[in-house]
Amino acid sequence: MPWLPPPAKGDVESALGRLIEGWLADWIVRPGPLRVQARTRGETRSLQWQGEPWAALGRNADIEALLGRDACGGEGNVAHPADREILRGVGARLLDELASFLAGLGDGVANERSSSRQTAPDGELFTVASGTGGWSIGLALSPQAVVAVRKAVAGGAVAGTGHRAVLGNRRNALASQVARLGCHLGKACLSAGDIAMLAAGDVIVLDRQPAVPLILTVEGHQCASGKAKIVRSAEGASITIAERPSLLRKVG
């Protein structure tokens, strides 16, 4: 669409809302309502800005973690250090994809990326906030970028196809994240006195036989599936994976 009428009040916010909804639909099962508002510079000072000067994205660690939690169906605790790192990795993937889409709207316009600039670049400032997830991101768009966003939405070229598998995106985003894998040999109940009397060489009888498949855990939580077993050989005993652990949970 080569030409658009001058924007009426709320036109740009509406176009940004549709663009962000398309992007979220690829990642989140039910994104929920969005709020898009024009902002002043003081209200976006705390964000890390990337992608100047054509179109810049404001982000920080809290935004990435909360956005990643939404992408994982609300599972995960952003206050837990291990969970937070994983959720941040997912959220960062989402924001990287949005930044790439915004850069692509430039259609050849130079886009000097900078990850260190703290203040918002020149252009119109907007905040896109989730109505349910608690996250919000900042967008700084040059006048040319504002026109490009309106054209993209008017022409139907919004970010996201709405046809890609949400779980597939989530799996790709999680693939490089590090998680602790555990294997439980069993447990035993001992009194405080028994524990105090333990010495080197004492044998504790566990409640699980060596022939029974062992439970696998990820980050301390039992997997929905996944087992290990003890294998004896001439070199001794070792533990091997008998059933691959499943990292996917049902997202209702």
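**A helix pair and its surroundings**

Author: In this predicted model, helix H1, which spans residues 11-25, packs with helix H4, which spans residues 143-154; the angle is about 60° and the axes lie 9 Å apart. The crossing in which H1 passes H4 is left-handed. On the side of H1, the contact is made by Asp-11, Val-12, Ala-15, Leu-16, Arg-18 and Leu-19. H4 contributes Val-146, Val-149, Arg-150 and Val-153. In general terms, the angle between the axes and the distance between them describe two packed helices.

Strand E5 covers residues 136-141, and the loop between E5 and H4 holds Ser-142. Is Ser-142 buried or exposed? Ser-142 has a relative accessible area of 8%, and because buried means under 20%, this residue counts as buried. Leaving aside residues up to four places away in sequence, Ser-142 touches Pro-53, Trp-54 and Gly-123.

Elsewhere in the chain there is an open sheet of four strands, ordered E6-E7-E8-E9 and paired in the antiparallel sense. Its edge strands are E6, residues 181-184, and E9, residues 236-243, each of which pairs on one side only. Neighbouring strands of the sheet are turned against each other by 35° on average, with direction ignored. Strands of a sheet pair through backbone hydrogen bonds, in either a parallel or an antiparallel manner. Strand E8 is formed by residues 221-233, and seven bridges join E8 to E9 in an antiparallel pairing. One of the residues involved is Ser-233, whose bridge partner in E9 is Gly-236.

The chain as a whole provides the wider setting. It contains six helices and nine strands, H1 and H4 being the packed pair described above. Of its 252 residues, 37% count as buried, and Ser-142 is one of the buried residues. Among contacts in the chain with a separation of 6 or more, 66% are accounted for by residues 24 or more positions apart.

Notes:
Residues are numbered from 1 along each chain as its sequence is written. This is a predicted model: local features need pLDDT of at least 70, side-chain atom pairs count only at pLDDT 80 or more; totals for chains, interfaces and linings use all residues. Side-chain values use heavy atoms; hydrogens and water are left out. Two strands pair if DSSP finds at least two bridges between them. Helices (H or I, at least four residues) and strands (E, at least two) are DSSP runs, numbered from the N terminus. Axes are lines fitted to C-alpha atoms, for helices over the stretch in contact, and angles run from 0 to 180 degrees between N-to-C directions. A crossing is left-handed if the near helix is turned anticlockwise from the far one by less than a right angle, and right-handed if clockwise. Contact means heavy atoms within 4.5 Å. Buried means under 20% relative accessible area, exposed over 50%, partly exposed in between (1.4 Å probe, protein chains only).
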